[in-house]
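Hello,

Here is the structure we talked about handing over. My notes follow below it.

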Amino acid sequence: MKSSSPILYLVIPCYNEEEVLEETTKQLKEKMQKFIKDKVVSPDSRVMYVNDGSKDSTWELIKKISQKEKLFTGITLSRNRGHQNALLGGLMTAKEYADVVISMDADLQDDIHAMDEMLKKFHDGCDVVYGVRSTRKKDTWFKRVTAESFYKFMKVLGVDVIYNHADYRLTSKRVLEELSNFKEVNLFLRGMFPLVGFQSDIVYYERNERFAGESKYPLKKMLNFAWDGITSFSVKPLRCICSIGFIILFISVCIMFYSLIRKFTGNTVDGWTFLVISIWFIGGLQMISLGIIGEYIGKMYGETKERPRFIISENLLDTQYKK
């Protein structure tokens with residue numbers, strides 16, 4: 001007889017996470033066993049690792065774990081597609097088996113004990129529960145300021161995002177069914193879930209230090225992710241145009257000061273200062289404008305191709321359920 005408790009799937013994107021997977025598996029196994037024992041979730045619940053084209057032995061380790069532990073399974077993408085696409089691939093796969101899904105990172109920075117409160121809110125009728133950081137004290141000053149500025153800037157632009165929320169969230173099956181109707185190739189899931197709607201709530205937690213390994217989001221990736229969140233696309237050649245515009249604008253400011261000095265020292269002719277400043281300043285602004293317009297043209301270009309956002313090359317659930 002099938003349990004009346006909901007089937008829970010934890011979806012965990014992995015990219016070169018061989019150093020943390022064993023500890024992550026140990027902690028999540030204890031948590032899932034407790035949920036099942038307390039009848040919070042069904043015994044059919046699983047932890048699904050999503051291998052995002054890792055270059056190390058992550059996928060081999062996932063397969064070994066799934067053979068040893070019944071609670072664990074995994075899928076692997078045909079190549080590295082990035083965190084957002086890997087996460088979407090896991091969510092779209094899990095919704096075929098689960099009643100509710102919780103997504104989180106593999107590095108144990110997300111407090112797994114926050115899942116208790118998430119599931120309570122789900123049983124109370126919430127379809128989406130966002131895990132939100134209660135504080136950023138553990139972040140560096142630069143990361144804290146830039147992250148908070150990003151969320152505030154998104155709000156100014158009219159984008160409905162949850163402040164200090166990453167991708168640690170609970171979603172019901174019907175939310176994921178509706179999310180599957182969103183056909184964007186350029187993904188920014190933090191902005192897409194609020195668009196789906198349904199009853200939602202927030203659970204606050206304190207983010208831990210990474211258990212092992214290195215962050216998969218260095219400064220360059222964080223800046224790219226933030227930019228893609230604003231424009232929903234990234235086109236490098238067009239972005240170079242925009243960068244050139246900023247460089248020219250910076251040069252124009254330098255020339256402005258140089259021209260003013262020449263003006264005040266009497267080493268120029270009338271009108272020369274105004275002409276030089278105007279040409280360089282307007283030229284820089286034009287390049288920036290062209291770059292921004294190019295971003296949106298690039299976005300439309302990518303969307304019209306409708307290429308698959310992820311390709312699953314192997315699904316361990318196929319084998320496990322046949323057994």
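**Notes on the structure**

Cysteine 126 counts as buried, because its relative accessibility is 5%; buried means under 20% relative accessible area, exposed over 50%, and partly exposed in between (1.4 Å probe, protein chains only). Cysteine 14 is also buried, at 1% relative accessibility. The structure holds zero disulfides, a disulfide being a pair of cysteine sulfur atoms within 2.5 Å.

This is a predicted model, in which local features need pLDDT of at least 70 and side-chain atom pairs count only at pLDDT 80 or more, while totals for chains, interfaces and linings use all residues. Residues are numbered from 1 along each chain as its sequence is written, and side-chain values use heavy atoms, with hydrogens and water left out.

**Overall**

The protein chain has eleven helices and eight strands. These are DSSP runs numbered from the N terminus (helices: H or I, at least four residues; strands: E, at least two). Of the 323 residues in the chain, 46% are buried. The accessible surface comes to about 17,300 Å², and carbon and sulfur atoms account for 59% of that; areas come from the Shrake-Rupley method with a 1.4 Å probe, and for residues only the protein chains shown count as cover. Among contacts (heavy atoms within 4.5 Å) between residues at least 6 apart in sequence, 82% join residues at least 24 apart.

**Strand 6**

Strand 6 covers residues 165-172, and seven of its eight residues are buried. Strand 4 (residues 100-103) runs antiparallel to strand 6 and is joined to it by four bridges; two strands pair if DSSP finds at least two bridges between them. Valine 101 has threonine 171 as its bridge partner in strand 6. Strand 5 (residues 128-133) is also antiparallel to strand 6, again with four bridges. There, valine 132 is partnered with histidine 165 of strand 6.

**Salt bridges**

How many salt bridges does a search of the whole structure find? The count is eleven, where a salt bridge is a side-chain nitrogen of Lys or Arg within 4 Å of a carboxyl oxygen of Asp or Glu. One of them links arginine 169 to aspartate 167, at 2.8 Å from N to O. Both arginine 169 and aspartate 167 are buried.

Lysine 95 takes part in a salt bridge with glutamate 96, with the closest N and O atoms 2.6 Å apart. Lysine 95 is buried at 8% relative accessibility, whereas glutamate 96 is exposed, with a relative accessible area of 51%. Lysine 95 also forms a salt bridge with glutamate 177, where the closest N and O atoms are 3.6 Å apart. Lysine 95 sits in the loop between helix 3 (83-94) and strand 4, and glutamate 177 is in helix 6 (residues 173-179), so this pair ties together parts that are 82 residues apart in sequence. Glutamate 177 is partly exposed, at 31% relative accessible area. Through shared partners, Lys95, Glu96 and Glu177 are joined into one salt-bridge network.

**Surface patch**

A nonpolar patch on the surface is formed by Ile247, Phe250, Ile251, Leu275, Ile279 and Trp280, which together have about 600 Å² of accessible area. Helix 9 (236-264) and helix 10 (272-305) are the elements that give two or more residues to this patch; leucine 275 is found in helix 10. Patches are made of residues with over 30% relative accessible area and no salt bridge, with like charges joined within 9 Å and nonpolar side chains (Val, Leu, Ile, Met, Phe, Trp, Tyr) within 5 Å.

Regards
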